[in-house]
Amino acid sequence: MARAVRLSDYAGAMIASARREASSTLQSMGLFSSLRDLGPLPSETGPLPEDFYAPRPDRGTEILAGRFQLAGDLVSVDPEHDNIWLKPAPTRAFARRLHGFGWLRDVIAAPTPKQEDPDDFGLSDEDEEAGAANARALVDSWIRAFGRWNSFAWSHGVLSARLINWLRAGDTLFETDESDRKARNARLRSLLRQARYLQRTIPLAHDGAVRLRCAIALSFVGLCVPRQAGLQKSGLAALEKEVKRQILPDGGHVSRSPRAGTEALIDLIVLRDVAETAGVDIPREIVRAIDRLAPMSRFFRMSDGGLASFHGGGECDHGALKMALSRDETGAKPFGFAPHSGYHRAEAGGATILLDVGKAPRGTLSTSAHASALAFELCTTGGRLVVNCGWHDDQPSSWREAVRATAAHSTLTLEETSSARLFAPGWKRDLLGPRLTSAPGSVTARRNEEDMGVWLEGIHEGYRADYGLSHRRRVFLAADGGDLRGEDALFRPVSDGPPEDVDVRFRFAIRFHLHPDVRASLSRDSMSALLVQPDGDGWRFRTDGGPIRLERSVYLAAGAPPQRATQIVVQGEAEPFGAGDRPPNRVRWAFQRLGQVGGTQGETG
C-alpha cells in the first residue's frame, strides 16, 4: 500500500491554511475597498444560464412552511417570525447546502393553493408569483445577515455554488419591476461584491472540483452581468487553466468521480451557450474540455439514465444529464476503456458493467475518494442489479465516512480492512481534511474482446504491504448480456518470496451490493440465490466459494433518505502462499439471467 501523504503535504497544507487565515483576517477588517467600488449598476442583466436541474416543488412547499430539510437534517422555523439565517445549523453539511442556495429553484416552483377553496389546487396569477416572492425574500434576508462577509458563508465551495444558483434564478432575482428596483439593485450589488472577492481569492480555493467550480462561477458572473470585462477575463482565464489541469485526456475528472466530471460538463455546456448568446468567444481549451467530457459522461451512464456510483458520486440528476448530452455536438459513443481515469466498461445484450481499475487519487483530490479498488456495478434491461452504496449530498453526513470504506462496494475486503485508509479524527485530519492516508500502490488492468464476450481483469496491491497478498479480479460478460462470470483471487507475488508464517490465515469477504429494487432469496443449500428485478426479470447468483449469506445493505446514490437494500456475501480464508489458482484463495461466481420469474417459491421451497 502506497503512502498518500508526505511531509510536503503537511507543509503545503499549513501554508495554504495560513494564507486563507490571513485573507480572512484582512477581509473581516474591511481592508479591501475595491469590493465596495462596484461602479454604476447595469439596468438589466445579460443572458442568464439555463437551469438543467429539475425543481422539486414538494421541497419548495416545505421550505415555504418553514421546514428546511437538507443534508439529512431538518431545521424548522416560523416563517412569520423566525429567520432561518439566524438559526444554528445542526451540521456543516447542512449549512453548506443552506448557504449554497441549491434549493432556490424549488421555492420558486412551489405551488401555493388558492386560499378561498382548500380543495382547489389551481394557481392564480398571484399564486404563481408567491414562490418567486418568497425566494426573493430569502435572498434579501441572507444579504442582510451575511452580505458583508462571513468566513463560512463566503468559503469557496459555498460561494461558487451560491453565485451559480442565484444566476440560474436570475429572472426571479434580477429582472423585476420598478417597485422592486431598490431590492433588485441590492441583490445585484451583493452578487458583484461576492464575485470580486472570488476573483481576488480564487488561488486560495481547495484544488479539484471546488476550484474548477469557482472559475465557472466567476465566468458566469462576467458573462451575465454587463460591463464586467474584468470578471469575465479573470474567470475565463482561470477556467482555461483549470480544465487543462483537471480534465484528463480521456475526459474524466482528475478526482476520478463520475459526478464531478458530469457536473462540470453541465456547467460548461450552459456557459458555452451563455457566451454564444453574449457574442463572446470562449477559449478553445474549454471547448476541447467539453468535447472530452461528453463521451466520458456517456461512458459512466447506465441504462437507466443515471451515473454509476464511484468516488463520492451518485446517480446524478437524470434529466440534467440527458439535457446536457443532447447539447453535445460531438455525438461520440461510449468507449470501452478509460486509461487515464482507470475504468473498464463492457456492454452486451442490454447489460452494462463498469469496473474500477484505477489508482485512488492523491492529496487534496482524495478528500471524497472511496476505497473501491476493483469494485463494479452491473445494470441490465431490468434496471440496476449490482451497485456500490454510493453517495449523495442530500444524505445525512453521519453516513459519509462509512460509505467510503471498501465494504460499502461490490468487491473483496481482506480482514475487514479497506484497500485505502482514511485519516482518523485528530490534528492531521483537521489540517489535511478527510483525505486518504494510503492508497493501493499498483493497479494494473487488461481487457480482451472476443466473439463470445468481453474479458476484463484488474490487480491491485492495497493489501500487499500488510498481508503480503495481491487481489486479482477477472470478469467475463457474455455476448448476449445474460451471463456475467467472475473470479476473485488472492495471491502472493513470486518476487516477495515465502511468507514468514506459513500457518497464518486471513479472512476475506466478497460483497455484491444489490439495488434496493432487487428481491433476493437463498437456495436451500445456500450456494446460490435468486434475484428478481422490478420488471420480473430473474437472475441466479451462484458461487463455488459458498455457503453465501444475505445481509442488510444501504443505498445512498439516488438521494435522501438512505434506502434499505441487500448484499450477497461470500466469505473464506486465504492461505499465506496464495497461489491464486486453487481454493480457498480463488472464488468463482456468476450472475445468470433466467428470464421472467413469477415468484421466489420455487427457489426457497
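# Notebook: buried residues and a helix pair

I began with Gly383, which counts as buried at 16% relative accessibility. Buried means under 20% relative accessible area, exposed over 50%, and partly exposed in between, using a 1.4 Å probe and protein chains only. I placed Gly383 in strand E8, residues 383-387.

I noted the ground rules next. This is a predicted model, where local features need pLDDT of at least 70 and side-chain atom pairs count only at pLDDT 80 or more, while totals for chains, interfaces and linings use all residues. Residues are numbered from 1 along each chain as its sequence is written, and side-chain values use heavy atoms, with hydrogens and water left out.

**The whole chain**

I looked up the secondary structure and found 16 helices and 22 strands. Helices (H or I, at least four residues) and strands (E, at least two) are DSSP runs, numbered from the N terminus. The chain has 605 residues, and buried ones make up 55% of them. Contact means heavy atoms within 4.5 Å. Of the contacts in the chain with a separation of 6 or more, 70% are between residues 24 or more positions apart.

**Arg345**

I found Arg345 in strand E5, residues 343-348. What is its relative accessible area? The value is 6%, so Arg345 is buried. I listed what Arg345 touches, not counting residues up to four places away in sequence; among them are Phe299, Phe335, Ile353 and Arg447. Phe299 is 46 residues from Arg345 in sequence, yet the C-alpha atoms are 7.1 Å apart.

I checked the polar contacts too. A polar contact is a pair of N or O atoms within 3.5 Å; within protein, one must be able to donate a hydrogen and the other to accept it, and residues adjacent in sequence count only if both atoms are side-chain atoms. The Arg345 side chain reaches the backbone oxygen of Arg298 at 3.4 Å. It also makes a side-chain polar contact of 3.4 Å with Glu347.

I found Glu242 in helix H10, residues 229-246. Its relative accessibility is 4%, so Glu242 counts as buried. The side chains of Glu242 and Arg245 are joined by a polar contact of 2.6 Å. Beyond four places in sequence, Glu242 is in contact with Asp207, Arg211, Leu212 and Ile247.

I then turned to Arg187 in helix H8, residues 181-201. Arg187 is buried because its relative accessible area is 1%. Its side chain meets that of Asp180 in a polar contact of 3.1 Å.

**Helices H6 and H9**

How do H6 (residues 156-168) and H9 (residues 209-224) cross? Their axes come within 9 Å and cross at roughly 35 degrees. Axes are lines fitted to C-alpha atoms, for helices over the stretch in contact, and angles run from 0 to 180 degrees between N-to-C directions. I listed the residues that make the contact, including Leu163 and Ile164 of H6 and Phe220 and Cys224 of H9. They divide into eleven nonpolar, three polar and two charged. Ala, Val, Leu, Ile, Met, Phe, Trp, Tyr, Cys and Pro count as nonpolar, Asp, Glu, Lys and Arg as charged, and the others, Gly among them, as polar.

**Cysteines**

I looked up Cys224 again and found it buried, at 0% relative accessibility. Cys389 is buried as well, at 4%. I searched the whole structure for disulfides (pairs of cysteine sulfur atoms within 2.5 Å). The search finds zero.
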